[in-house]
Amino acid sequence: MTDTAASAPAQTRRAPDAATACIAFADGSVFYGRGFGAEGVAVGELVFNTAMTGYQEIMTDPSYAGQVITFTFPHVGNVGVNDEDDESAQPAALGMVVKWDPTAPSNWRAAGDLRRWLAARGRIGVGGVDTRRLTRKIRLGGAQHVAIAHDPRGEFDVDDLIARARAFPGLEGADLAREVTCRQSYRWDEMRWAWPGGFPRRQGPGKRVVAVDYGAKRNILRCLAEAGCEVIVLPATATAEEVLAHDPKGVFLSNGPGDPAATGEYAVPMIRAILDRGLPIFGICLGHQMLALALGARTIKMSHGHHGANHPVKDLETGKVEITSMNHGFAVDAQTLPEGVIETHVSLFDGSNCGIRMRERPVFSVQHHPEASPGPQDSFYLFERFAASL
């Protein structure tokens with residue numbers, strides 16, 4: 001809708017007459033828009049996502065815990081929402097910022113509209129914002145600390161919102177996997193969606209896999225089941241003894257939010273114990289970073305991260321390029337990979353690491369999300385590779 005200059009004194013700022021939402025930055029910048037969804041205030045890290053579809057999956061991806069998402073694609077809300085597209089029980093993202101206000105849903109799968117869906121789940125939406133300007137601000141200055149507010153009366157204490165944004169500690173050092181992981185173990189047998197019946201159930205015996213839930217997306221578990229795995233999901237804090245008690249043929253390390261070094265305080269010892277047993281291991285996203293840390297590498301905080309469904313990744317061993325889905329603000333530092341660990345995939349956007357494997361063992365991981373079908377099936381082979389190693 002509009003914004004005020006960062007140099008203007010906060011107390012002189014007034015919301016435009018039609019404004020019912022506000023985005024206050026730690027640097028003092030303020031953007032106004034039209035609020036929808038839940039009312040209130042949320043504080044977190046602002047990132048942008050370049051995907052043209054999948055806003056419901058994005059909002060419910062546990063890897064977005066602690067973050068507010070600016071969608072660069074303007075048509076958000078037009079296909080509505082439905083229960084099948086949730087990647088977790090509740091949205092993990094704190095809120096969304098969009099250019100155009102959500103329209104009425106127009107899709108045969110729609111079971112509701114985005115506005116009511118957000119309100120029912122306590123998530124704030126801000127529309128009518130120049131998202132290209134926001135995206136440029138993030139591109140130039142890195143992921144931003146913000147407070148977003150929705151008040152139908154248009155009354156905002158801007159000074160307080162800026163102070164809240166400045167007080168946000170950021171995601172470095174934050175162990176958010178504990179907040180989004182399951183509280184107890186469970187079994188998973190639902191497979192990938194198929195026309196016309198939806199999600200079929202895996203039948204018969206399978207190769208038992210323990211999936212460690214650092215914030216696992218449901219479609220990852222579906223892909224494991226589709227590949228023939230009998231999936232048992234354990235919390236992020238599971239010990240090696242708890243994992244091995246299920247007598248798995250292999251271990252999967254899931255995606256998740258936060259700083260991998262913080263989660264690694266308890267995850268890395270478990271993974272190293274599993275490595276000592278010689279079991280196959282497959283990791284995705286945070287699971288990729290956890291495996292890298294366990295093998296002796298380091299991770300680094302990225303400027304604005306990778307968030308979108310159109311990221312080209314090159315498989316260095318085959319020369320093929322996959323169109324992938326990405327969602328990460330930290331990356332494995334390829335320069336710190338130890339002897340015996342090979343870099344297998346790189347981003348063609350910035351050359352950052354997107355995959356590793358051990359030279360002589362079926363232990364591998366990728367930074368991107370093969371289950372998200374951006375290619376749409378460019379990366380499904382990774383699940384088949386893992387199942388074949390069991």
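Of the 390 residues of the protein, 58% count as buried. The model is a predicted one. It holds ten helices and 18 strands. The radius of gyration is 21 Å, close to the 21 Å from the globule rule for 390 residues, so the protein is as compact as a globular protein of that length.

**Overall fold**
- The C-alpha trace spans about 65 × 45 × 40 Å along its principal axes.
- Among contacts with a separation of 6 or more, 73% join residues 24 or more positions apart.
- The accessible surface comes to about 16100 Å². Carbon and sulfur atoms account for 48% of that surface.

**Helix H8**
- H8 covers residues 260-277. A kink of about 55° lies at Tyr 266, shortly before the proline Pro 269.
- Asp 259 caps the N-terminal end of H8. One of its side-chain oxygens lies 2.9 Å from the backbone nitrogen of Ala 261.
- Just after H8, Gly 278 takes a positive phi of about 80°.
- Buried residues in H8 include Tyr 266, Met 270, Ile 271 and Leu 275.

**Nonpolar cores**
- The largest nonpolar core has 35 residues. Tyr 214, Leu 253, Met 270, Ile 271, Leu 275, Ile 281 and Leu 291 touch the most other members.
- Several elements each supply at least two residues of this core, among them strand E10 (207-213), H8 and helix H9 (286-295).
- A second, separate core has 25 residues, including Val 209, Ile 220, Ile 284 and Phe 383.
- Leaving out residues up to four places away in sequence, Ile 271 touches Tyr 214, Leu 253, Ile 281, Met 290, Leu 291 and Ala 294.

Technical notes:
Residues numbered from 1 in each chain as written. Predicted model: local features only at pLDDT ≥ 70, side-chain atom pairs only at ≥ 80, totals over all residues. Heavy atoms only, no water. Bend = angle between axes of the 7 residues up to and from the residue. Helix = DSSP H or I, 4+ residues; strand = E, 2+ residues; numbered from the N terminus. Buried < 20%, exposed > 50% of the residue type's maximum accessible area, 1.4 Å probe, protein only. Polar contact = N/O pair within 3.5 Å; in protein donor to acceptor, adjacent residues only side chain to side chain. Core = buried A, V, L, I, M, F, W, Y, C linked by side-chain atoms within 4.5 Å. Contact = heavy atoms within 4.5 Å. Rg over C-alpha atoms; globule rule 2.2 N^0.38 Å. Areas by Shrake-Rupley, 256 points an atom, 1.4 Å probe, with all protein chains shown as cover.
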